[in-house]
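Here are my notes for you, written as a colleague would jot them down. Have a look at the model first, then read on.

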Amino acid sequence: HYYMVWKDLAGMNMQCLANIMWSYGRLRLDVPNDLHAELMDHFRLHISECNSQNISNIMVSCARLGKAVDGDLLSRVEQVSSRSMAKFSSQGMSNVLWSFIKLNHRPSQDYLVSFQKHFGASIHKASPQNIANVVWSFAQIRYTPYESLMQSLFDKVDSKLDTFSEQDVATLLWGCGKLKYRIPTALAYKFQTFCLARQRKFSLHDISLSLWGFTQQPTEIRPEVLQAMYEASMRHLDRNFHAEAFVHVVWSLSVRSTGGLNRGAVLAERYEGDLLETVQSLSGYDSSKLLCSLSFLGCMKPEICSSLMRTIESRIHTYDVQQLQSILNAVEALDPDVLGELDCFAFNMKLNEAIKSRYASSSQQQQKKQKH
């Protein structure tokens, strides 16, 4: 099949290319790198012949396949898409934006402004997944959208919440948390009722995203919702322990009500053995979150503490000042029996040195800006 595509590529029109690429992405095929490169070159050469659906299908395929796409081509796609934005469907617009983010391309301010104008105008046609993907995309690049667009999005969510999937709701809650967007109180309670009614259908990942999203809102999480999500997370973890999701659930439980604190401590004790076996696989970011959570909950174990401190020390250059200060506070709050023979003083010295280094670097950058 790949040979036939390669042989006929020179005369292939854009509709055919889009259909083939869409199929590859849908099936998650392992397309040979050299063929993918030639497909992209053909797309680049004939992009002016693409309609909006062609561009959307090709971009989504690239994102699903996980193949690198060079920045020049992505910039070209952005230019073409921006000029013809009015011709895109709400699904097409959300797909292209989602694909840009998945391919590590941050669209320009002009593109994002145009996107908000046109997507807002077609919001009545947008599907739940389209809306969730747009909020997710903005959150990933920390872009604060217009209040008018967010209001339109959540008016649609409010009126059609029963048509949203568990993943859509989890994505929306997470995205709003990242964007520091305050969900209207009435809708926040509707989200909680949704989670309570469908908690058995939530994946562990969706539970972790939803819980974290709830913690970022001023609306208190109802006890019955917290209990339902807590029980659902245990069902998943009992079947298949996943360290990263475990960290996010425990962290979310540890930052809100007293009931959340108690439940977080129970989870930490329940899965101590599983955590010991997998703690070394955690990223630097998750290691710092787990250290802070277990310290705050008062249920840190020496073996876990030792492993977390080694991971954090090896990746200390990746943390910002706020994260470093949180780690320092968490370590200083640990019981001496937990620290045991660990060289806590040396570890804290390295944290303090890293904090000073970040402040010095920030000061130098500000001075450069003032000179310019």
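1. A term to settle before we start: a residue is buried under 20% relative accessible area, exposed over 50%, and partly exposed in between. Arg44, with a relative accessible area of 31%, is therefore partly exposed. Please also keep in mind that this is a predicted model.

2. Now the overall picture. The protein has 21 helices and zero strands. Its C-alpha trace spans about 70 × 50 × 45 Å along the principal axes. Of the 372 residues, 52% count as buried.

3. On how the chain is put together: take the contacts between residues at least 6 apart in sequence, and 78% of them join residues at least 24 apart.

4. Surface and charge can be read side by side. The accessible surface comes to about 18400 Å², and carbon and sulfur atoms account for 49% of that. There are 39 positive and 36 negative charges, and their mean positions lie 8 Å apart.

5. Which residue forms a salt bridge with Arg44, with the closest N and O atoms 3.6 Å apart? The partner is Asp41. Both residues sit in helix α3 (residues 33-45), and because they are three residues apart there, about one helical turn separates them. Asp41 is partly exposed, at 42% relative accessibility.

6. Arg44 also meets the side chain of Asp70 in a salt bridge, at 2.7 Å from N to O. Asp70 lies in the loop between α4 (52-65) and α5 (71-83) while Arg44 belongs to helix α3, so this pair ties together parts that are 26 residues apart in sequence. Asp70 counts as partly exposed, with 34% relative accessibility.

7. I would also look at Asp238 and Arg270, a salt bridge whose closest N and O atoms are 2.9 Å apart. Here distant parts of the chain are linked: Asp238 is in helix α13 (residues 223-239) and Arg270 in helix α15 (residues 258-270), 32 residues apart. Asp238 is partly exposed, with a relative accessible area of 47%, and Arg270 is partly exposed too, at 44%.

8. For the protein as a whole, the count comes to nine salt bridges.

Note on methods: Residues numbered from 1 in each chain as written. Predicted model: local features only at pLDDT ≥ 70, side-chain atom pairs only at ≥ 80, totals over all residues. Heavy atoms only, no water. Helix = DSSP H or I, 4+ residues; strand = E, 2+ residues; numbered from the N terminus. Buried < 20%, exposed > 50% of the residue type's maximum accessible area, 1.4 Å probe, protein only. Contact = heavy atoms within 4.5 Å. Areas by Shrake-Rupley, 256 points an atom, 1.4 Å probe, with all protein chains shown as cover. Lys, Arg positive; Asp, Glu negative; His and termini not counted. Charge placed at Lys NZ, Arg CZ, Asp CG, Glu CD. Salt bridge = Lys/Arg side-chain N within 4 Å of Asp/Glu carboxyl O.
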